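Here's a quick tour of a protein model for someone meeting it for the first time. Take a look at the sequence and structure, and then we'll walk through the rings and helices.

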Amino acid sequence: MQPPFRIADSAGAAERRAAAVQLNRDQTGVDEALIDRVVDAFYARVRDDALIGPIFADRIEDWGPHLAQMKRFWSSVVLSSGVYQGRPMPKHLPLPIDARHFDRWLALFQDTVRDLCPPAAADSFMERARRIADSLELGVANANGVLLAPGERYRAPPPPWNGEA
């Protein structure tokens with residue numbers, strides 16, 4: 001007896017995934033070429049941003065692999081392609097970020113998709129980006145010992161005063 005979660009018809013599963021991806025493309029106008037443009041333009045803005053740029057710069061030396069991973073991530077998120085297999089939460093938990101950083105990330109992302117995408121595609125990207133930001137903010141808060149109430153935002157405590165002005 002096979003476990004209930006095993007897909008007995010893997011060819012059928014691949015066909016269903018391909019159909020779902022195509023349906024998402026048709027409904028939103030998002031395809032891999034658009035994802036490539038959005039990711040490249042967004043991270044160019046991130047690198048130039050005074051608030052979140054330094055956080056990325058401190059952790060990413062070679063942008064090529066990061067951009068490729070983010071393109072797979074957004075393909076999986078927006079198109080349901082399944083090409084991304086990572087776990088973004090653990091990478092974000094130790095970062096020195098809070099609501100201000102997530103708000104800036106969302107603002108830059110929204111500017112990018114509004115500049116590059118047809119309205120349905122921009123809406124699709126933004127719906128998912130907001131969910132991702134909310135989830136990561138909750139995770140970062142929890143990792144810092146803060147349990148947020150519904151609608152509450154995480155504000156990192158200021159660094160301890162070291163006696164210098």
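A search of the whole structure turns up 12 aromatic pairs. Rings of Phe, Tyr and Trp (its six-membered ring) pair if their centres lie within 6.5 Å, and planes under 30 degrees apart count as stacked, over 60 as edge-to-face and the rest as tilted. Here are two of the pairs.

| Pair | Centre to centre | Angle between planes | Kind |
|---|---|---|---|
| Phenylalanine 42 and phenylalanine 109 | 5.1 Å | 80° | edge-to-face |
| Tyrosine 43 and tryptophan 63 | 5.8 Å | 50° | tilted |

Before going on, note that this is a predicted model: local features need pLDDT of at least 70, side-chain atom pairs count only at pLDDT 80 or more, and totals for chains, interfaces and linings use all residues. Residues are numbered from 1 along each chain as its sequence is written, and side-chain values use heavy atoms, with hydrogens and water left out.

Phenylalanine 42 sits in helix 2 (residues 32–48) and phenylalanine 109 in helix 6 (residues 99–116), so this pair links distant parts of the chain, 67 residues apart. Helices here are DSSP runs (H or I, at least four residues), and strands are too (E, at least two), numbered from the N terminus. Phenylalanine 42 is buried at a relative accessible area of 1%, and phenylalanine 109 is buried with 1%. Buried means under 20% relative accessible area, exposed over 50%, and partly exposed in between (1.4 Å probe, protein chains only).

Tyrosine 43 is in helix 2 and tryptophan 63 in helix 4 (residues 63–79), so their pair ties together parts 20 residues apart in sequence. Tyrosine 43 and tryptophan 63 are both buried. Ring pairs join a cluster whose members include Phe42, Tyr43, Trp63 and Phe109.

Now for the helices. What is the order of elements along the protein chain? From the N terminus on, they run α-α-α-α-α-α-α, with 7 helices and 0 strands. The axes of helix 6 and helix 7 (residues 119–143) come within 10 Å and cross at roughly 170°. Axes are lines fitted to C-alpha atoms, for helices over the stretch in contact, with angles from 0 to 180 degrees between N-to-C directions. Helix 6 and helix 7 are therefore roughly antiparallel (angles under 35 degrees count as roughly parallel, over 145 as roughly antiparallel, 65 to 115 as roughly perpendicular and the rest as oblique).
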